[in-house]
Amino acid sequence: MFTGIVQGVAQIQAIKKSDHFRTQTIKLPPAMRQGLQVGASVANNGVCLTVTQIDGDLVSFDIMQETLRITNLGSLEVGDFVNIERAMQMGDEIGGHILSGHVYCTASVSHIIETENNRQVWFKLPNKDVMKYILTKGFIAIDGISLTIGEVKEDEFCVNLIPETLHRTLIGKRQIGDLVNIEIDPQTQAIVDTVERYLQGRGL
């Protein structure tokens, strides 16, 4: 489990591609490696991945075809960066919201509005079916970052970003057309799905 509080970014050092499979190796600074062991979970751009090898400051993960298909990890190359969050531990402060690291889909950056000390970024989702889970002032995770939804319009929504988020994560470097990973809030999904099933059961 994760909290959506990204601890920093890491650069991809190597990618080994096989049929429907790839191994991704990133370079982690000492603070992010402390106590890290093979088998541990680390979120890369919000995707829960399992550590398969540790060689000094190089940490490797195996990524299956379905993950490559659903997320933006399949489009990354050596030299690119990813947002990193280590799995939460008992007693950790939850500054964001509880995340599983299971990405629901990707969204594309559609608009960027700059103001002093703030950036508003709009995202377009692949279909309107996903929008039922996107609620104004609700939680969402974008590339593993826990954020509050600002406005919602048809198949788009926006978030407002403070300087600290822009500095600590990759979201400040996203440009129009870039794809980001989306994890919807599981509590919101559960409530919406329950209400939907109830109404269908009543023929409404």
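Me: How do you know that strands β1 and β6 pair?

Reply: In this predicted model, β1 (residues 8–18) and β6 (residues 81–86) run antiparallel and are joined by four bridges; the criterion asks for at least two bridges between two strands, so β1 and β6 count as paired. Within this pairing, Val9 stands opposite Asn83 in β6.

Me: Which closed arrangement of strands is found, and what is its twist?

Reply: Six strands form a closed barrel in the order β1-β2-β5-β4-β3-β6, with antiparallel pairing, and from one strand to the next the twist averages 45°.

Me: Why is the pair of Tyr104 and Tyr133 called edge-to-face?

Reply: The ring centres are 5.9 Å apart, which falls within the 6.5 Å limit, and the planes stand at 75°, which is over 60, so the pair is edge-to-face. By this rule the count comes to two aromatic pairs.

Me: What makes this pair a tie between separate parts of the chain?

Reply: Tyr104 lies in the loop between β6 and β7, whereas Tyr133 lies in the loop between β8 and β9, so the pair ties together parts that are 29 residues apart in sequence.

Me: Is each of these residues called buried, partly exposed or exposed, and why?

Reply: Tyr133 has a relative accessible area of 6%, which is under 20%, so Tyr133 is buried. Tyr104, at 36% relative accessibility, falls between 20% and 50% and therefore counts as partly exposed.

Note on methods
Residues are numbered from 1 along each chain as its sequence is written. This is a predicted model: local features need pLDDT of at least 70, side-chain atom pairs count only at pLDDT 80 or more; totals for chains, interfaces and linings use all residues. Side-chain values use heavy atoms; hydrogens and water are left out. Axes are lines fitted to C-alpha atoms, for helices over the stretch in contact, and angles run from 0 to 180 degrees between N-to-C directions. Rings of Phe, Tyr and Trp (its six-membered ring) pair if their centres lie within 6.5 Å; planes under 30 degrees apart count as stacked, over 60 as edge-to-face and the rest as tilted. Buried means under 20% relative accessible area, exposed over 50%, partly exposed in between (1.4 Å probe, protein chains only).
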